[in-house]
Amino acid sequence: MAVPAAFFAVFFAYPVASIVGRGLRQDGRWQFATIGDVLGDPDIRHVLWFTCWQAAASTALTLAVALPGAYVFARLDFPGKRLLRAVVTVPFVLPTVVVGSAFLALLGRGGFTDSLWGVRLDTTVWAILIAHVFFNYAVVVRTVGGLWAQLDPRQEEAAVMLGASRLTAWRRVTLPALGPSVAAAALMVFLFTFTSFGVIQILGGPTYSTLEVEIYRETAELLDLRTAAVLTLVQFVAVGAILAVHAWTVRRRESALRLVDAAGTSHRPRGRGEWAMLGGLLAVVALLILLPLGVLVARSLDGPGGYGLAFYRALGSANGGTFVVAPFQAVWNSLRYAAVATVMALAIGGLAAAALVRRAGRLVRGFDALLMLPLGTSAVTIGFGFLITLDKPPLDLRESWILVPLAQALVGVPFVVRVMLPVLRAVDDRLREAAAVLGASPLRVWREIELPLVGRALAIAAGFAFAVSLGEFGATVFIARPDSPTLPVAVARLLDRAGPYTYGQAMALSTILMLVCAASLLILENLRTSADRSGEF
């Protein structure tokens with residue numbers, strides 16, 4: 001546990017604490033009155049309200065759209081099910097910049113106006129909400145559907161046999177059992193949308209801002225570290241509370257249910273209701289997932305002289321002063337950075353997962369929660385923190401390319417841990433004990449006993465770490481050097497430049513990034529077994 005703890009202390013806790021300290025300390029004294037001053041600003045209160053409102057609305061919409069899909073994947077068996085499961089998971093591993101670009105191409109900004117709970121519902125807000133549903137649909141389908149498939153269907157059938165209607169049996173038997181899983185999925189969706197950056201930055205424009213976007217604006221544009229520090233603290237407290245409740249719901253889900261082998265709980269659709277739900281899933285996949293991605297590809301091909309590869313060819317040369325190097329160079333930069341970040345995430349996450357399996361207690365549960373914090377902490381704060389803290393020996397890394405993979409690895413580690421933990425816990429302890437009795441060292445036990453058993457899960461963890469590293473944007477936008485931009489940073493720069501030509505190039509780069517991430521996910525889906533799907537991702 002020492003190595004992962006040291007990694008998080010140096011590259012997560014230290015930069016974040018330094019940023020907050022610089023913002024709240026003046027003349028050597030803590031200025032806690034600053035918190036009240038910042039939170040009393042009407043503009044900041046509006047940002048806080050919109051952040052909470054859009055997260056709650058996005059979560060409710062995601063649950064409403066995804067829960068029927070969770071039932072279809074859990075209980076119905078049909079041709080192409082495995083491919084369809086992979087397709088609905090693709091949006092989750094797509095970079096937020098790509099998601100924002102896709103919905104910008106589909107819906108644009110502005111348009112009709114309505115209001116709900118004091119928030120204008122123009123096309124921009126609807127685009128943000130639908131983009132969040134697109135992005136988090138797989139979280140609900142996999143979290144709830146994975147548990148639903150393992151619930152014994154005979155319990156609900158027994159209630160029907162005793163005279164209950166199908167709806168009553170589902171409401172009184174299945175829904176209470178699914179409750180902790182639904183709550184866990186809802187909390188994760190709320191967390192991801194509460195800390196949304198790329199989607200809001202691209203779709204919201206100057207009108208709509210969440211906490212994460214406001215932290216970026218205060219830090220990068222206004223250089224107001226005081227306000228940024230207060231907002232970081234607010235986000236940190238909110239994320240900590242969400243993760244604490246999420247951990248409680250996961251423990252409740254693991255301890256309170258009787259589960260069966262998922263392979264024997266699905267059946268062919270029967271009755272109009274189940275056929276309608278399968279049709280609804282196909283409609284959701286077509287309209288919510290395939291349509292935005294299709295429009296993104298179409299816009300990337302719609303060049304000045306008609307459909308063709310003009311925008312893709314233009315990526316081979318630096319023009320207009322937007323880049324020091326050709327935008328296409330960002331593809332190689334991203335692949336190189338993501339590969340290094342994946343190795344780091346596997347090393348740190350693998351050691352952390354092994355430590356969590358071998359030990360128990362409150363300290364271990366606290367460490368487990370710590371590993372999840374980078375998913376909800378302001379990536380903007382982490383990126384800026386890297387610049388102002390890692391600038392002195394022995395960690396003078398400000399001019400080094402390694403800063404980008406370090407920031408990406410922080411995001412990849414939680415995915416590695418969540419994938420590896422269920423598989424490591426399934427390894428029979430007696431195998432480890434027998435090897436130890438025969439004189440094997442802990443390293444040899446890991447190499448010769450555990451590694452062969454968890455090799456497939458390790459490959460899956462590597463794929464997830466690679467995909468999320470490839471799409472990391474919030475921290476990378478600060479620390480990527482002008483001559484070495486990543487794909488998400490290059491897309492954002494192109495979208496910041498007015499004109500149809502740079503817009504088309506942004507769509508082309510987004511399409512390339514989407515294809516790389518989608519290919520990674522499809523490979524992962526072929527590697528997964530039913531045992532691997534017990535993980536949270």
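Visitor: Which residues touch the most other members of the largest nonpolar core?
Guide: In this predicted model, they are Leu94, Phe386 and Leu509, and that core holds 167 residues.

Visitor: What is Phe386 in contact with, leaving aside its neighbours within four places in sequence?
Guide: Phe386 contacts Phe11, Pro15, Leu403, Leu406, Ala407, Leu410 and Ile479.

Visitor: Turning to the helices, at what angle do H1 and H16 pack?
Guide: Helix H1, residues 2-24, meets helix H16, residues 379-389, at about 85 degrees, and their axes are 8 Å apart. The two helices are therefore roughly perpendicular to each other.

Visitor: Which residues make that contact?
Guide: From H1 the contact uses Phe11, Phe12, Tyr14, Pro15, Val16, Ser18, Ile19 and Arg22. From H16 it uses Thr381, Ile382, Phe384, Gly385, Phe386, Ile388 and Thr389.

Visitor: And how many of them are nonpolar, polar or charged?
Guide: There are 10 nonpolar residues, four polar and one charged in the contact of H1 with H16.

Visitor: A change of topic: how many aromatic pairs does the structure hold?
Guide: The structure holds 12 aromatic pairs. In one of them, the ring centres of Phe7 and Phe11 are 5.3 Å apart and the planes are at 55 degrees, so this pair is tilted.

Visitor: Where do Phe7 and Phe11 lie?
Guide: Both are in helix H1, four residues apart, which is about one turn of the helix.

Visitor: Are they buried or exposed?
Guide: Phe7 is buried, at 9% relative accessible area, and Phe11 is buried as well, at 12%.

Visitor: Which residues form one aromatic cluster?
Guide: Phe7, Phe8, Phe11, Phe12 and Phe386 form that cluster.

Conventions: Residues numbered from 1 in each chain as written. Predicted model: local features only at pLDDT ≥ 70, side-chain atom pairs only at ≥ 80, totals over all residues. Heavy atoms only, no water. Core = buried A, V, L, I, M, F, W, Y, C linked by side-chain atoms within 4.5 Å. Buried < 20%, exposed > 50% of the residue type's maximum accessible area, 1.4 Å probe, protein only. Contact = heavy atoms within 4.5 Å. Axes fitted to C-alpha atoms, helices over the stretch in contact; angles between N-to-C directions. Parallel < 35°, antiparallel > 145°, perpendicular 65-115°, else oblique. Nonpolar A, V, L, I, M, F, W, Y, C, P; charged D, E, K, R; others polar. Phe/Tyr/Trp six-rings, centres within 6.5 Å; stacked < 30°, edge-to-face > 60°.
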